[in-house]
Amino acid sequence: MEISANEIERIVRSVLAGLDRTGAVSAQASPGGCRGVFERCEDAIDAAFAAQKDWYMNYKVEDRERIIAAIRKVSLEHAEDFSKRVREETGMGRYEDKIQKHISVINGTPGTECLKTEAISGDAGLMLEERGPFGVIGSITPSTNPTETMIHNTISMIAGGNAVVFNVHPGAKRACAYALQILHDTIVENGGPAGLITMTAEPTMETVDILTSSPRIRLMVGTGGMPMVNALLRSGKKTIGAGAGNPPVVVDETADIKLAAKEIYRGASFDNNLLCLAEKEVFAVESIEKELVYNMVSEGAYLLSEAQTKALLDIVFLQRDGRYEVNKKWVGKDAGLMLEQLGITDKPDTRLLICEVPHDHPFVMVEQLMPVLPIVSCRDFEEAAEYAVVAESGNRHTASMFSKNVDHMTYFAKRIETTIFVKNGATLKGVGIGGEGHASMTIAGPTGEGLTCARSFTRFRRCQLADGGLRIV
């Protein structure tokens, strides 16, 4: 791609403005902040507001594409580093799986290519409908996929012409600040405006309130639990919400059982089941349930006895007012550590625990985000589908099914109504990890945008040239 002399001059000016005497990008690149990280949320918003005006008015789509390409490059170079820092800070998940998540998001998140212009030409004139930016977006990100979500949202949101203020999960704030500064440096070094992506150094609920109440924030995007998403929806601000999942798997009597066992094991054990779209419970027709369990054990899963299942429930869950809830200190922990708590010390490398339980067991009904997969034996396909709908709890996030019966797959897909529905494969394939389609870490089921990309963070704008202008026929 050729760059004009004026463009080169502007890039050089921008880079020099962000360099100190040592050649490193200085805190002055974002007035009042350190390379995009601010002590005060208000200052982070103000910097992003100024940067977005510059980004929208003075940069072309080809500039966005060039800078996003640089972001992809630097993110790939730091994928292992980001994964290590997230694992160390949060204590959750598996390092090698986090690398794969990063690579998938870096390579698979669309940029400007998904922003399509619609045109209609007629005797009455020319009409163009294009995708324009909202402005400054407030982005709430989780501790389960912190830097992956930051990279995905950065690419998607700035591709749409926006700026972003991140309010990251406090449990991953150091890794996120490190990642944001690297991305911020890359934007500035490649001629982009300082402050295009910012964050608060100490994220709290108070800083979320500042974001939702600021007139300079035009859109809120929340990735995480449903209480957070519901709070954003009540704020009165335009919101894209990516909430909880608890995805069920149905396996009927026509399924390829070896394939089902292999794919379910892969998906449920990946990164210790931290992904909201990961398989959380299995409903298997009783005629093939024992065969499925046998094959999952063959894949490497550890089958808990009834007594071990009860003991583990008391370890990884808490009871409050007669209700079960997840003990957060066990979220994303290794299955081998859970076995140690049960007195089993010779299987430290176990990736997944499975257990046979009734359909209303707490392991089934409560989203765990742990490598513990309950399996429910069902009388027939119809019962399995109904139990699965109940367990999914109306989140409309993700579900999967293993079957060769098209009627069964169609029926279950209609009943479950999830944003992602995967047939005969791990649910990872539903977000582009080994499957077709673009990657996303912000999956907006509650508000309906689905697997978000740049298009999700833009608004329709219509431009009309009246009276037959430009017509040549």
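A polar contact is a pair of N or O atoms within 3.5 Å, where within protein one must be able to donate a hydrogen and the other to accept it, and residues adjacent in sequence count only if both atoms are side-chain atoms. This is a predicted model, in which local features need pLDDT of at least 70 and side-chain atom pairs count only at pLDDT 80 or more, while totals for chains, interfaces and linings use all residues. Residues are numbered from 1 along each chain as its sequence is written, and side-chain values use heavy atoms, with hydrogens and water left out.

**Contacts of D63**

- The side chain of D63 has a polar atom 2.8 Å from the backbone nitrogen of K60, and a polar contact of 3.1 Å joins the side chains of D63 and R66.
- D63 counts as buried because its relative accessibility is 3%, buried meaning under 20% relative accessible area (1.4 Å probe, protein chains only).

**Packing of α4 and α7**

- The axes of helix α4 (residues 79-90) and helix α7 (residues 173-189) come within 8 Å and cross at roughly 160°, the axes being lines fitted to C-alpha atoms over the stretch in contact and angles running from 0 to 180 degrees between N-to-C directions.
- The two helices, α4 and α7, are therefore roughly antiparallel to each other, a term for angles over 145 degrees.
- Contact, meaning heavy atoms within 4.5 Å, is made by D81, F82, R85, V86 and E89 of α4 and by K173, R174, A175, Y178, A179 and I182 of α7.

Definitions and conventions:
Helices (H or I, at least four residues) and strands (E, at least two) are DSSP runs, numbered from the N terminus. Angles under 35 degrees count as roughly parallel, over 145 as roughly antiparallel, 65 to 115 as roughly perpendicular and the rest as oblique. Buried means under 20% relative accessible area, exposed over 50%, partly exposed in between (1.4 Å probe, protein chains only).
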